[in-house]
Amino acid sequence: MSDQMLILVALAGIFLLLFLVIKTKLHAFVSLLLVSLIVGIAAGMPLGDVVTSIQNGMGGTLGFVAVVVGLGAMFGRMLEVSGGAERLAQTLINKFGEDKAQWSLGITGFLVAIPVFFDVGFIILVPIVYGLARKTGKSLLYYGIPLLAGLAVTHSFIPPTPGPIAVADLLGADLGWVILFGVIAGIPSMIIAGPLFAKFISKKIHAVVPDYMQVEEMEYDKELPSFGLIASLISIPLVLILLNTLSGVLLDEGNTLRSILTFLGHPFVALTIATILTFILLGTKRGYTRDEVQEIATKALEPAGIIILVTGAGGVFKQVLIDSGVGEVLGEMMAGSSLPPIALAFLIAMVVRVAQGSATVSMVTAAGLMSPLISTLGLEGPVLGLMVIAIASGATVFSHVNDSGFWLVNRYFGLDVKDTLKSWTVMETLIGFVGFAVAFILGIFIS
């Protein structure tokens, strides 16, 4: 098959994927598998090879992603149930003072979303926003936007949250670089889209607690854990993974310390250590029975399962593109583009995001399309970490009515669609563009 026909097959596959997700409302997991089958057949692959590609793509992706996302979900659920998120917020607000509560909420969101899913973190912490707004008479957005920005930045940029985990695996990026660049890009993104934007938008839109959301603050059946314990537990996997990456740069191969740090800093080992410590220090040591801890961990895997399967299907799409020869042609075409790879990655993710809404689907689709370019250009090391941040940034911008996060904020803050677009959508877009700008500038020096 000619290169032009293979490009047409790829484009038709992307449009079909968008049609299935947007118009027919077919689940993203099934849509990605179906499109992968059709692209493989249309590209002229033998039928048996199409099935083999699907199996290899799913197995190769889930071998890493399932373990990391599963452990991360259990770790986050234990933090949620124990009141760890609440403790972080209370301590930081007390430390900063109510006059700087915006900053404390932004930092809280930034920390909480490392182990806890975005929507869960928001629902747990929104009563604090309600309480501050009632007490001060300020708009809900004055406190809510910084919290949302902190949660959204980490959810998009910093592993072990599922999005960057999935993209890093599909691109072959080292998680240590992703964490490092995620923090570097995330901090200015959180500041600009959070406290700074909140001060502006809260003067334009005065949101009050809606009547149907008169919720009480969560009651925990045990005393809240200490701030130091929660901060330490969140830091453990991040520090171990970063030490693994830095040891590969600073220490010679064969060095004993490097071997130890490489082992301890592998995401499997780092997250296993952190999760077990969480079970003990936030579970059994605080009065939960072993059966209760087991039940909490099992419950955590329910939402993780959907993310794991969609990511696996993204791996299938990538594998079929590569095995069919479409990937090689796409890679050569992209390599001939005048756009730098980081900018190209951002734009692809942004287009898919605007079209179909799901950040996860946008990320895995963009990563699947970009992976052949990595092989073509021989990209490796830190630049792959920047590409992950670029894709995550593109999958964050322009959240609108086809994104579940849009409606979550719309309901909890009692906004109409117009004001949700002015607040939430602009906040998400600021995060995406600032994150991309940081990644692009770093890419100039690193690549």
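**Charged surface and salt bridges**

Lys-138, Lys-199, Lys-203, Lys-204, Lys-418 and Lys-422 form a positive surface patch, where a patch takes residues with over 30% relative accessible area and no salt bridge and joins like charges within 9 Å. This is a predicted model, in which local features need pLDDT of at least 70, side-chain atom pairs count only at pLDDT 80 or more, and totals for chains, interfaces and linings use all residues. Residues are numbered from 1 along each chain as its sequence is written, and side-chain values use heavy atoms, with hydrogens and water left out.

**Positive patch**
- Helix 9 (175-204) and helix 19 (417-446) each supply at least two of the patch residues, helices being DSSP runs (H or I) of at least four residues, numbered from the N terminus.
- The largest share, 3 residues, comes from helix 9, in which Lys-203 lies.
- Lys-203 is exposed at a relative accessible area of 74% (buried means under 20%, exposed over 50%, partly exposed in between, with a 1.4 Å probe and protein chains only).

**Salt bridges**
- The whole structure holds 5 salt bridges, each a side-chain nitrogen of Lys or Arg within 4 Å of a carboxyl oxygen of Asp or Glu.
- Arg-353 pairs with Glu-428, their closest N and O atoms being 3.2 Å apart, and this pair links distant parts of the chain, with Arg-353 in helix 15 (residues 341-356) and Glu-428 in helix 19, 75 residues apart.
- Arg-353 and Glu-428 are both buried, and salt bridges with shared partners join Arg-353, Asp-403 and Glu-428 into one network.

Definitions and conventions
Patch = residues over 30% accessible without salt bridge, like charges linked within 9 Å, V, L, I, M, F, W, Y side chains within 5 Å. Areas by Shrake-Rupley, 256 points an atom, 1.4 Å probe, with all protein chains shown as cover. Lys, Arg positive; Asp, Glu negative; His and termini not counted. Charge placed at Lys NZ, Arg CZ, Asp CG, Glu CD.
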